[in-house]
Amino acid sequence: MSAPEKRIVVVTGGAGGIGRVICRTLAGPDTRIFFTRYNPADTAGVAAAETIRQVAEKGGSAVCIQTNVSEAASVADFFKAVLADSGRIDVLVNNAGVAKDNLLVRLKEADWDQVLAVNLKGAFLCTKHAGKAMMKQRAGRIINITSVSGVLGTAGQANYAAAKAGLIALTKSTARELAPRNVTANAVAPGYIETDMTAGLDAALRQSYMERIPLQRAGTGEDVANAVAFLASEAAAYITGQVLHVNGGMHM
């Protein structure tokens, strides 16, 4: 008897932060994970190696491919490698993102372009490739990591909020287009989550966030990853076009 097919999962931006936690949470003996990284400063791939190690600890396997999700050719090469290896894609998590914050009137055009290119165009390019494979399979899960900023707006984050709001619209359009082929598309919208990025915020700003959260604590990467795992599971087979808010009540 042949071994059962592994579930093939793609996670963009899986070398650290929430992306790494998502990879670890989805990992298991029945899952093979492909994730992207794009950090020219980490030439040795130390961060990616740590994600691979954590996936292996759960009995899974992971492959990292250096990819710039904002460049069409780079994304095409990534998905070509995934399909050549495994022949299918069961789950896509569009997690890769950057932030270049500033007040709107001071925001540089280059910072607007970069944030929109990575956070929104990147998700479009990846969804386009994965969606084609999923349509042929007549099965698949697409999960976009948006943000509470894309729902409420955030002062000093016009570019980031616009990209994350665009992700919500992309999710809904994708859900409508791919539903006839049994492919679902949903979004997870984290609120204030403890990450390396938020660890650098000053105490006053952190306190202002806490005062807006009814549960009176910051979220964790696991809180976000568990929501992703649910939407990627068979338990969510009849859920599509939805935004799952993971924010401790910051937005209701």
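This is a predicted model: local features need pLDDT of at least 70, side-chain atom pairs count only at pLDDT 80 or more; totals for chains, interfaces and linings use all residues.
Figure 1. The buried residues of α1 are I18, G19, R20, V21, I22, C23 and L26. Among the elements that cover these buried residues are the strands β1 (7–11), β2 (31–37), β4 (91–94) and β5, together with the helices α2 and α9 (221–231).

**Figure 2. The packing of helix α1 on helix α2.** Helix α1, residues 17–26, and helix α2, residues 46–57, have axes that come within 8 Å and cross at roughly 25°. At that angle α1 is roughly parallel to α2, because angles under 35 degrees are counted in this way. The crossing of these two helices is right-handed. On the α1 side the contact is made by R20, C23 and R24, and on the α2 side by A47, E50, T51, Q54 and V55. Sorted by class, the residues of this contact comprise three nonpolar, two polar and three charged ones.

**Figure 3. The packing of helix α3 on helix α4.** Helix α3, which covers residues 72–86, packs against α4 at an angle of about 30°, and the two axes are 9 Å apart. The two helices are therefore roughly parallel to each other, and their crossing is right-handed. A72, V75, A76, F79 and L83 of α3 make the contact with L125, C126, H129, A130 and A133 of α4. By class, this contact of α3 with α4 holds nine nonpolar residues and one polar residue, with no charged residues.

**Figure 4. The packing of helix α4 on helix α6.** Helices α4 and α6 pack at an angle of about 15°, with a distance of 9 Å between their axes. That angle makes α4 roughly parallel to α6, and α4 passes α6 in a right-handed crossing. From α4, the residues that meet α6 are D111, W112, V115, L116, N119, L120, A123, F124, T127, G131 and M135. Their counterparts in α6 are A158, N159, Y160, A162, A163, K164, G166, L167, L170, T174 and L178. The contact of α4 with α6 has 14 nonpolar, six polar and two charged residues.

**Figure 5. Helix α6, its length and its buried residues.** Helix α6 runs over residues 158–178, and at 1.5 Å a residue its 21 residues should span 30 Å, which agrees with the 30 Å that separates its end C-alpha atoms. Within α6 the buried residues are N159, Y160, A161, A163, K164, L167, I168, L170, T171, T174, A175 and L178. These buried residues pack against the helices α4 (109–137) and α5 (149–152), and against the strands β5 (140–145), β6 (183–190) and β7 (243–246).

Figure 6. Most residues other than glycine have a negative phi. R138, which is not a glycine, has a positive phi of about 60°, and N182, likewise a residue other than glycine, has a positive phi near 65°. R138 is placed in the loop between α4 and β5, where A139 also lies, whereas N182 is placed in the loop between α6 and β6. With a relative accessibility of 49%, R138 counts as partly exposed, and N182 is partly exposed with a relative accessible area of 46%. A139 is partly exposed as well, with a relative accessible area of 25%. When its neighbours within four places in sequence are left aside, A139 is in contact with M134, R181, N182 and V183. A139 and V105, which are 34 residues apart in sequence, have C-alpha atoms that are 45 Å apart in space.

Figure 7. Along the chain G87 and I8 are 79 residues apart, and their C-alpha atoms are separated by 9.0 Å.

How values were computed. Residues are numbered from 1 along each chain as its sequence is written. Side-chain values use heavy atoms; hydrogens and water are left out. Axes are lines fitted to C-alpha atoms, for helices over the stretch in contact, and angles run from 0 to 180 degrees between N-to-C directions. Helices (H or I, at least four residues) and strands (E, at least two) are DSSP runs, numbered from the N terminus. Angles under 35 degrees count as roughly parallel, over 145 as roughly antiparallel, 65 to 115 as roughly perpendicular and the rest as oblique. A crossing is left-handed if the near helix is turned anticlockwise from the far one by less than a right angle, and right-handed if clockwise. Contact means heavy atoms within 4.5 Å. Ala, Val, Leu, Ile, Met, Phe, Trp, Tyr, Cys and Pro count as nonpolar, Asp, Glu, Lys and Arg as charged, and the others, Gly among them, as polar. The expected span of a helix is 1.5 Å times one less than its number of residues. Buried means under 20% relative accessible area, exposed over 50%, partly exposed in between (1.4 Å probe, protein chains only).
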